[in-house]
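The sequence and the model are shown first, and the description follows.

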Amino acid sequence: MRRRTFTASAFATALASPAIAQAQWPTKPLRLVIPYPPGGPSDISSRIVMERAAQLLGQGVLFDNKAGASGMIGAEFVKNQPVDHHTFLTTTTAMVCITRHLQAIPFDPERDIIPVSRMTTSWGAFAVHPSVPANTVAEFVAYAKANPGKLNYGSAGLATITHLFGEMLCLEAGIRMTHVPYRGSAPATNALLAGEIQAQFDQTTLPHIKAGKLRALAILAEVRHPDFPDVPTLQETGYGKESGDSWFGILAPAGTSPEAIARLDRAIADALRAPDIVQKVHNGGMRVTYLGPTDFRAQIGAESAMFGSIIQKGGIKLP
């Protein structure tokens, strides 16, 4: 995955700024805008990986949390900054693949940003309350078909990826469940533990699966979770065919020099190969899923189309 792709605007800027192209980048500390609050998975992932990447580049890094509006406040801030070739933006699946299909956003994902690297992806599980008479996804689908509308599934909120996973299963399996949005993943998991809802598609279910309080029917990933080797992935059960993951990556504002993007991508790739970084990522509830610029851009395009289709077919709209 060493292919590189850059926008025409970025290439033009590099030609217009020979001092940048010829300099030994980076010439000052990096600045990473994280458009989400401290302590969340995007923040944790960014700090683990980018601190090491900056060290490999011989510089420090300033982490700047600018949370709000589903990541749009931070994204708009970066878009409007003068190009200095040292400012970058953390991104998530929702920010570039989901929100754009639900509301106007303050940047053009194709023109205003350049993919640098995908770093990590959160683990997730399709979990059910023990009262649900199903031990496999096939049994769950059969029960849902026999009891249309009886099952409720919770999510972290309307049109979040935790909502769209459930909608994807409904569309693919031809079942009907009632979606119950909560203000975050933790409240939804608490409702599942209490039996107020019957299913959830989220990372926050994993500790309770391990404790035996919830039952895992599938792992929401392309590979099985190392802590739950007997639980199949959703794709192994015949569903979730188009995948879709909650991943975290790094973007650059349009105009950033190709040299800066290429060097940062290499540093991120090297950081993600370090055993201690892999372990820290795992401890944070994630796995290393590195993609370089070309493959990351393709992933963004494919998942944006997929989630857009789910939103359209499911008639999902924000209030």
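Does S70 count as buried, partly exposed or exposed, and at what relative accessibility? S70 counts as partly exposed, with a relative accessibility of 45%; buried means under 20% relative accessible area, exposed over 50%, and partly exposed in between, for a 1.4 Å probe and protein chains only.

## Basis of the description

This is a predicted model, in which local features need pLDDT of at least 70 and side-chain atom pairs count only at pLDDT 80 or more, while totals for chains, interfaces and linings use all residues. Residues are numbered from 1 along each chain as its sequence is written, and side-chain values use heavy atoms, with hydrogens and water left out.

## Backbone features in loops

S70 lies in the loop between strand 2 and helix 4, where helices (H or I, at least four residues) and strands (E, at least two) are DSSP runs numbered from the N terminus. Its phi is near 55 degrees, a positive value in a residue other than glycine. A69 is found in the loop between strand 2 (61–65) and helix 4 (72–80). A69, which is not a glycine, also has a positive phi of about 55 degrees, and it counts as partly exposed at 46% relative accessibility.

Between helix 2 (18–22) and strand 1 (30–34), the loop contains P26. W25 and P26 are joined by a cis peptide bond, with omega about 0 degrees.

In helix 8 (residues 185–193), the buried residues are S185, A188, T189, A191 and L192. They lie on the same side of helix 8 because they cover an arc of only 155 degrees around the axis, the arc being that of the directions from the helix axis to the C-beta atoms. These buried residues pack against strand 5 (125–128), strand 6 (152–155), helix 7 (161–173), strand 8 (199–202) and helix 9 (206–210).

The buried residues of helix 12 (residues 293–313) include P293, D295, F296, E303, M306 and F307. Just after helix 12, G315 has a positive phi of about 60 degrees.

## The loop between strands 9 and 10

G244 is found in the loop between strand 9 (215–219) and strand 10 (247–253). G244 is buried, with a relative accessible area of 2%. Leaving aside neighbours within four places in sequence, G244 is in contact with F165, E303, M306 and F307; contact means heavy atoms within 4.5 Å.

P226 is found in the loop between strand 9 and strand 10, and counts as exposed at 52% relative accessibility. Not counting residues up to four places away in sequence, P226 touches W123 and H282. The C-alpha atoms of P226 and H282 are 9.9 Å apart, although the two residues are 56 residues apart in sequence.

## Pockets

A pocket is an open set of points on a 1 Å grid over the protein atoms alone, where a 1.4 Å probe fits, with protein on both sides within 12 Å along at least five of seven lines; lining residues have an atom within 4 Å of a point. The largest pocket is lined by 38 residues, of which A94, A156, T160, I161 and S246 lie nearest its centre. Helix 3 (41–56), helix 5 (93–98), strand 4 (113–122), helix 7 and strand 8 each give two or more residues to this lining.

Residues that line the second largest pocket include W123, H225, D227 and H282. Helix 9 gives the most to that lining, with three residues.

Definitions and conventions:
Expected span 1.5 Å × (residues − 1).
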